[in-house]
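Here is a briefing on the structure shown below.

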2 protein chains.
Amino acid sequence: MRQFRKRRFIINSLLDTDFYKFTMGYLVFKLYRLIPVLYALKNRTITVPLARFISESELRRQLDHVRHLRFRSNELHFIKGTYEYDLPMFADPAYIEFLAGLTLPPYWLVRAGDSYEITVSGHWAEAIYWETFILSIVNELYYRALMKKMSAFERHLVYAEGMRRLGAKIKLLREHPGIRFSDFGTRRRFSRAWQDYVVGVLSRELGGAGGQFVGTSNVHLAMKYGLTPIGTSAHEMYMVMSGIMHGSDDDIRASHNKVLQCWWTEFGWGLSIALTDTYGTPFFFTDMTPEQARNWKGLRQDSGDPFDFGECAIAFYTGLGIDPKEKMIVFSDGLDVETIMALFERFNGRIKVTFGWGTDLTNDLGFGSLSLVVKAVEACGHGLVKLSDNLAKAIGALDDVERFKRIFGHTATFNQTCRS
Amino acid sequence: MRQFRKRRFIINSLLDTDFYKFTMGYLVFKLYRLIPVLYALKNRTITVPLARFISESELRRQLDHVRHLRFRSNELHFIKGTYEYDLPMFADPAYIEFLAGLTLPPYWLVRAGDSYEITVSGHWAEAIYWETFILSIVNELYYRALMKKMSAFERHLVYAEGMRRLGAKIKLLREHPGIRFSDFGTRRRFSRAWQDYVVGVLSRELGGAGGQFVGTSNVHLAMKYGLTPIGTSAHEMYMVMSGIMHGSDDDIRASHNKVLQCWWTEFGWGLSIALTDTYGTPFFFTDMTPEQARNWKGLRQDSGDPFDFGECAIAFYTGLGIDPKEKMIVFSDGLDVETIMALFERFNGRIKVTFGWGTDLTNDLGFGSLSLVVKAVEACGHGLVKLSDNLAKAIGALDDVERFKRIFGHTATFNQTCRS
């Protein structure tokens with residue numbers, strides 16, 4: 001159990017983040033480098049008063065350490081050398097030079113009652129990297145606090161239970177050899193060491209050429225274990241773009257497709273998985289053009305009912321005369337092994353499916369998980385909005401949310417809309 | 001899981017044995033040093049062809065290493081300094097000098113089909129130490145062979161399951177705080193490292209002054225964790241004594257009580273726990289004199305039905321006008337936590353009870369266990385016999401067993417005898 005002992009610093013490499021931070025980061029660096037953006041931490045798990053578990057000084061120490069980190073030479077090689085998604089990628093040498101000189105912008109941390117407010121403001125090209133570091137740090141400090149109350153043996157039992165659960169997942173997955181999945185669990189992992197362990201085990205047990213474990217979103221672990229770094233883009237692309245193009249309702253509505261256009265121009269087919277739920281998937285299916293639908297590799301589902309989503313996606317492609325079997329859905333919303341198996345059973349053979357497995361993969365040791373997010377909340381001085389297919393996940397000021405619901409015709413949750 | 005990686009040598013200390021080897025060893029050294037004794041390994045688990053799992057060369061290498069070991073100075077201090085069982089103990093300085101110069105006698109190993117025959121012949125005072133080393137080595141090599149077929153993660157799952165089971169035991173024991181027990185699991189442990197782990201956990205979780213975990217039979221671990229070394233005597237005392245006194249039926253019968261007399265003379269009350277089943281417990285209760293029953297601290301139960309044994313013991317003491325509440329039973333036959341709890345419930349308040357917990361404590365990770373024994377089979381050229389309260393555990397040549405059954409009036413298993 002020695003490898004799980006708490007490490008002095010949680011983040012020890014600027015690659016210890018999600019791959020999509022670099023794909024988005026590259027596009028942002030090239031097109032929107034100086035856009036002012038404000039990010040904020042939100043704890044959706046209001047029942048857990050974080051400040052009673054995590055000391056402010058330790059939190060600051062961990063965050064400060066990230067600001068002292070620099071990309072190492074072999075890490076820059078790894079990014080620059082990405083070859084898995086059609087060539088060329090990260091082709092502009094200025095980006096690597098930019099990364100080599102990067103210092104993350106300052107953060108603002110205040111204790112508010114029993115919770116913490118963490119915000120970061122800065123140029124988009126620099127501030128974009130904070131998201132997962134903040135999340136990984138707050139998560140790990142929380143679990144360290146829980147573990148601290150235990151005896152050494154009780155801590156061993158936690159890891160033993162985590163191993164047992166991981167073993168049970170592997171056993172079930174082996175019984176369904178058609179299932180392919182990736183680790184998306186960096187941000188809400190139990191700890192760095194535990195994610196490292198899980199990814200190491202999966203790469204040996206289910207990895208390799210043709211294996212079921214196809215990669216990890218964590219770039220550091222992809223480098224360490226020789227795995228494909230997995231990821232494309234996040235809600236922040238659409239959200240910040242709405243700030244950049246802010247103006248009339250039509251301008252804001254147009255910002256959504258603008259993201260798809262920029263992304264295709266930069267990365268082409270290789271990274272063409274579109275996230276559908278920023279303003280609700282029904283809007284997405286009206287906004288994606290037939291040409292985009294034909295060109296793009298597929299879609300990522302991140303909120304709402306994934307079964308309904310799959311049926312709607314198949315109907316969407318079929319309605320355009322596109323064979324859904326040529327297209328792919330990446331499911332990534334709160335998966336567990338049962339949901340993965342059920343989705344695979346439902347859609348296998350009808351449309352390609354793969355799974356981005358997060359919290360339940362890297363933080364399943366018996367504790368409850370925290371629903372923490374770090375989201376872009378302002379860009380160019382404008383409040384940003386995410387509606388998603390589950391309004392409980394909505395982000396934004398109330399007025400802005402109402403306006404965006406109107407602009408994007410978001411009247412209810414995706415499930416209800418899709419079924420009507 | 002690093003601490004469980006296989007060690008080059010299984011036995012790395014001559015203290016890595018049961019305490020009773022030194023209590024018996026001391027008495028033997030003083031009284032019967034030059035008695036020629038032959039020990040032999042017996043695998044009662046005939047379904048496991050050991051030689052298909054364990055290579056002869058590795059087995060030899062491990063056994064040879066034991067012959068190269070010497071007692072270290074701090075180890076001799078620990079033995080000589082034993083203070084827990086009334087003073088003085090190991091008082092004769094010649095014994096420590098003898099141990100300091102001890103080389104274990106040669107062993108004989110032959111492969112017979114798919115099993116191994118291991119025998120040791122030598123002077124009792126020297127050959128006596130082989131027993132547990134042979135058992136620990138054969139056991140650990142067997143489990144190493146099973147583990148070798150697994151992936152690293154599958155091995156982790158084995159340890160995780162072992163931890164889970166240990167945690168479940170600790171939880172149950174905490175719910176019954178009156179239960180006191182010791183580790184008797186050296187000989188059939190899964191591995192040295194696992195026994196070390198289990199004893200370390202128990203000493204932290206249930207140990208300390210007034211704790212439920214009162215000690216370990218393993219002298220090395222008693223020294224390492226500051227625990228009481230636990231143990232008194234084994235069947236070999238009675239068995240070898242029958243060889244020493246061999247002659248008429250009466251001589252052989254008298255050899256049983258001779259052991260009790262010698263033991264009391266040497267160690268007095270401190271170590272006065274009598275093993276009852278060498279020739280069947282019914283005989284024992286006819287052979288122990290009222291004075292011995294009054295003097296001796298208690299009895300050890302090692303075969304047959306422990307509930308019947310407890311009732312018979314209480315009846316035995318009561319019949320002699322002795323308050324059973326002043327006496328103790330050490331249960332040590334194939335215990336598991338459910339049996340321990342049931343025995344405690346049955347006898348707590350009626351007679352003192354404690355538990356010597358072996359295989360199920362140190363080898364409970366999901367594998368089956370081997371029923372291996374190393375027994376004294378000859379002394380002074382005479383075949384030795386153990387009948388026990390379960391004739392499936394009987395040791396000895398058929399003719400000898402029949403003779404001993406007649407001499408000791410052993411007509412059936414203890415259960416049947418006691419109930420009739």
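Which residue of strand 9 of chain A stands opposite Gln301(A)? Phe331(A) does. The model is predicted: local features need pLDDT of at least 70, side-chain atom pairs count only at pLDDT 80 or more, and totals for chains, interfaces and linings use all residues. Residues are numbered from 1 along each chain as its sequence is written, while chains are lettered from A and ligands numbered from 1 in the order in which they are written.

**Confidence**

- Chain A has a mean pLDDT of 94, and 96% of its residues reach 70 or more. Here pLDDT is the predictor's confidence in each residue, from 0 to 100.
- Residues 414-420 of chain A have pLDDT below 50. Beyond near neighbours in sequence, this stretch has 17 contacts in the model. Two residues are in contact if their C-beta atoms, placed from the backbone, lie within 7 Å.
- For the complex, the predictor gives an ipTM of 0.83 and a pTM of 0.89.

**Parallel strands in chain A**

- Strand 8 of chain A pairs with strand 9 (residues 328-331) in the parallel sense, over four bridges. Strands (E, at least two residues) and helices (H or I, at least four) are DSSP runs, numbered from the N terminus.
- Strand 7 (residues 273-275) of chain A also pairs with strand 8 (residues 298-301) of chain A in the parallel sense, over three bridges. Two strands pair if DSSP finds at least two bridges between them.
- Arg300(A) in strand 8 stands opposite Leu275(A).

**Open sheet in chain B**

- Five strands of chain B form an open sheet in the order 2-3-1-11-12, with antiparallel pairing.
- Strand 2 (107-112) and strand 12 (382-383) of chain B are the edges, each pairing on one side only.
- Strand 1 (residues 36-43) and strand 11 (residues 372-379) of chain B run antiparallel and are joined by seven bridges. Leu41(B) has Val374(B) in strand 11 as its bridge partner.
- Helix 10 (residues 235-244) of chain B packs on the sheet and touches strands 1, 11 and 12 of chain B. Its direction makes about 20° with that of strand 11. Axes are lines fitted to C-alpha atoms, for helices over the stretch in contact, and angles run from 0 to 180 degrees between N-to-C directions.

**Helix packing in chain A**

- Helix 2 (residues 56-68) and helix 6 (residues 130-148) of chain A pack at about 145°, with axes 10 Å apart.
- From helix 2 of chain A come Glu58(A), Leu59(A), Gln62(A), Leu63(A) and Val66(A); they meet Phe133(A), Ile137(A) and Leu141(A) in helix 6 of chain A.
- By class, this contact has six nonpolar, one polar and one charged residues. Ala, Val, Leu, Ile, Met, Phe, Trp, Tyr, Cys and Pro count as nonpolar, Asp, Glu, Lys and Arg as charged, and the others, Gly among them, as polar.

**Contact between the chains**

- Chain A and chain B give 14 residues each to the contact.
- On the side of chain A, helix 7 (152-174) and helix 8 (192-205) are the elements that give two or more residues. Helix 7 of chain A gives the most, with eight residues.
- That side of chain A divides into seven nonpolar, three polar and four charged residues.
- The copies meet through the same surface, because 100% of the interface residues of chain A are also interface residues in chain B.
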